[in-house]
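Please examine the sequence and the structure shown here before reading the briefing.

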Amino acid sequence: MDRVTHLASKKAAVIFTKSSCCMCHSIKTLFYELGASPEIHEVDQDADMEKALQRLGCNPAIPAVFIGGKYVGSARDVISLHVDGSLKQKLIEAKAIWF
């Protein structure tokens, strides 16, 4: 778990993904379209990382999105934030995007 929290706090926006996950691709694309350049960690070959995400409360474990070092949720949560307009504000506050 320490490794996950360390990685999640290194950049303003961090996404833990799997290469075969279509929702992971959608979330990455959303961040890029908003102007963010998140750090991406593929956990395809790292079962320990996925288990650590689950122990941190990430459910489902993938994708797991962190903004400003804090877990904001999975794809469903991120899409909800985007729809209500607060995702962009969170990214601005974390300095993941500038205006």
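This is a predicted model: local features need pLDDT of at least 70, side-chain atom pairs count only at pLDDT 80 or more; totals for chains, interfaces and linings use all residues.

Residues are numbered from 1 along each chain as its sequence is written, and side-chain values use heavy atoms, with hydrogens and water left out.

**Overall fold**

- The protein contains five helices and four strands; helices (H or I, at least four residues) and strands (E, at least two) are DSSP runs, numbered from the N terminus.
- Read from the N terminus, the order of the elements is α-β-α-β-α-β-β-α-α.
- The C-alpha trace spans about 35 × 25 × 20 Å along its principal axes.

**Burial, surface and contacts**

- Of the 99 residues, 42% are buried (under 20% relative accessible area, with exposed meaning over 50% and partly exposed in between; 1.4 Å probe, protein chains only).
- The protein exposes about 5600 Å², of which carbon and sulfur atoms supply 51%; accessible areas come from the Shrake-Rupley method with a 1.4 Å probe.
- Among contacts (heavy atoms within 4.5 Å) with a separation of 6 or more, 60% join residues 24 or more positions apart.

**Helices α4 and α5**

- Two packed helices are described by the angle between their axes and the distance between the axes.
- The axes of α4 (residues 75–83) and α5 (residues 86–93) come within 5 Å and cross at roughly 95°; axes are lines fitted to C-alpha atoms, for helices over the stretch in contact, and angles run from 0 to 180 degrees between N-to-C directions.
- The two helices α4 and α5 are therefore roughly perpendicular to each other (65 to 115 degrees; under 35 is roughly parallel, over 145 roughly antiparallel and the rest oblique).
- Val-78, Leu-81 and His-82 of α4 meet Ser-86, Leu-87 and Lys-90 of α5.

**Two buried residues**

- Leu-87 lies in helix α5 and is buried, with a relative accessible area of 0%.
- Beyond its neighbours within four places in sequence, Leu-87 contacts several residues, including Leu-30, Phe-31, Leu-34 and Ile-67.
- Ser-74 is located in the loop between β4 (70–73) and α4 and is buried, with a relative accessible area of 2%.
- Apart from neighbours within four places in sequence, Ser-74 is in contact with Asn-59, Pro-60 and Pro-63.
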